[in-house]
Amino acid sequence: MMTLSNYFKHTEYVLEKFWFDYLGGRYVGRGIMTWEPKAGFHIEAPLKRQKMPQLEAVELGKVGIVRRNDTSSIRMKPWYCDWAFSPAVALIDREDILSQHRFSINLNSIVFQTSSKGSHHLLRFPGYSLYEIRNIDYLFDDVIRGGVQVVDYPIKSASCDSRGIFYKGDNGEEIIGYIDNNKYLELYWKFPESSFTKEYCWKWLEAVQFSLSIILGQTVNLLYRELTFRNKTRCEINKQQDVKSLELLRLYYHQYGKNEIQASKSYFLKLTDFLARNSKDSRICINILKQVTEASQQKNWQTRELLLSTVLEAVLRNVDNQPFQVKKGESKSWNVGRSLENFFQKYLPSERWQQFRKRVMQEHTYLRDRNAHPDWLFSQSDALSEEQKEKALDSMIFLSQFYGYMILSLAGIENLEPVFHKPHKEWGAPITMYPLKLNQESIDTPDDLMQ
């Protein structure tokens, strides 16, 4: 098992063999693969092309998109490992492969699998995962006592207590996690084989990343995940990425009361389970997260507004299975307003929510229309005026929060209370400074400063 300290160590792997397909040929090599957390994996090795029809001509530098047949899985046989692979690696215009018979590539992620003698974890799937995270002080407030074990994994030292999460489910699942240095979350868990599949358990580790990103309003990084099933252990090591905040466009806003903290932890567990089942609705929720994240990182104000506004129609079209059609005769029976009304009736049916349906449509239409038909004018009431940008900021904050409620409701979480922010001008400052009052005699005059 890779620990937190081991993840950040420079590592070299001896590849007895690796192979991949490129332009109809199978290429085989052997060499050294290195690992650095910030750079990922790097392979540098000579190649041999297996006996296949020789290519007559290859066109390099053509303009186009990366198609599925432009990618290949790189499969490997490292020492002390059954196998490893990096899926769907783009291989385009690789002159080094064709003419120099060598291979040099950087990889962001690799999956390894090893076998051990015997069956050590019969009827249960134990696992471990490591996440990079920021500002998690309100979500995991359980105290994890030192010396606790999950399966064969010790939780820190017997003399050290940590803040984290402890959970035992109705189906026998057990989850223990703790915060390390306020930057990393380590999770240890076991799931009974009678209630959970191997595929679900592997997906669950990734689902934790997405659910934490939704609830915490940041791009949580899955650095490492490991799953043991019978006598085999599968692990994935991922390149370290920057943790980015969604800032004002976060999907979920928490409260610091005891009941609110318990609700956040409950949402985390239910949302993770929902996303791990890889349903159509769970994929919709992950796409919401990705597009809102992309919008939050845009430097251009209008691009940010337009990206955020189109999320609503994308969600509703997917829920209703109504793809957009460019053809002139597209069916007029579907529109955003009617679909939104149906969404409220099905997923947010309480009376408390009905008053917000009209506002959701108004904010969506305002942000979409003002950027689909831009004027680039700065005068009062024009698109780039301060008045309109301040109004747009409140619209974006509101829509982002509503998208968070859409995710929670699609995940099957009931009795959601609609709590939205006031206009940002009413928030007040988080910090108020009172500068020291200086004696008038001690203040230098401009003439004094010139002397």
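Start by selecting Ser400, which sits in helix H9, residues 386-410. Helices (H or I, at least four residues) and strands (E, at least two) are DSSP runs, numbered from the N terminus. This is a predicted model, where local features need pLDDT of at least 70 and side-chain atom pairs count only at pLDDT 80 or more, while totals for chains, interfaces and linings use all residues. Residues are numbered from 1 along each chain as its sequence is written, and side-chain values use heavy atoms, with hydrogens and water left out.

Is Ser400 buried or exposed? Ser400 is buried, at a relative accessible area of 0%. (Buried means under 20% relative accessible area, exposed over 50%, and partly exposed in between, with a 1.4 Å probe and protein chains only.) Now show what Ser400 touches: leaving out residues up to four places away in sequence, you'll find Leu249, Arg250, Leu251, Val292 and Leu308. A contact here means heavy atoms within 4.5 Å.

Next, highlight the whole of H9. Its 25 residues reach 36 Å from first C-alpha to last, close to the 36 Å expected at 1.5 Å a residue. (The expected span is 1.5 Å times one less than the number of residues.) In H9, 20 of the 25 residues are buried, so the helix is largely enclosed by the rest of the structure. Following H9 comes Gly412, with a positive phi near 90°.

Select helix H5, residues 280-296: its 17 residues reach 25 Å from first C-alpha to last, close to the 24 Å expected at 1.5 Å a residue.

Now for the surface. Pick Val14, Ile32, Trp79 and Tyr80, which make a nonpolar patch of about 460 Å². Patches are made of residues with over 30% relative accessible area and no salt bridge: like charges are joined within 9 Å, nonpolar side chains (Val, Leu, Ile, Met, Phe, Trp, Tyr) within 5 Å. Accessible areas come from the Shrake-Rupley method with a 1.4 Å probe; for residues, only the protein chains shown count as cover. Zoom in on Tyr80, in the loop between strand E4 (71-78) and strand E5 (83-90). Tyr80 counts as exposed, at 80% relative accessibility.

Select Cys81 next. Cys81 is buried, with a relative accessible area of 8%. Which cysteine sulfur is closest to that of Cys81? The one in Cys235, 7.1 Å away, which is too far for a bond. Cys235 is buried too, at 13%. A search of the whole structure finds 0 disulfides, a disulfide being a pair of cysteine sulfur atoms within 2.5 Å.

Last stop: salt bridges, of which the structure holds 16. Each is a side-chain nitrogen of Lys or Arg within 4 Å of a carboxyl oxygen of Asp or Glu.

- Glu59 and Lys62 meet at 3.3 Å, N to O; Glu59 is exposed at 60%, and Lys62 is exposed at 61%.
- Arg94 pairs with Asp96, their closest N and O atoms 2.7 Å apart, and both residues are buried.
- Arg225 pairs with Glu236 at 2.5 Å between the closest N and O atoms. Arg225 lies in strand E15 (residues 221-229) and Glu236 in strand E16 (residues 232-238), so the pair ties together parts 11 residues apart in sequence. Both Arg225 and Glu236 are buried.
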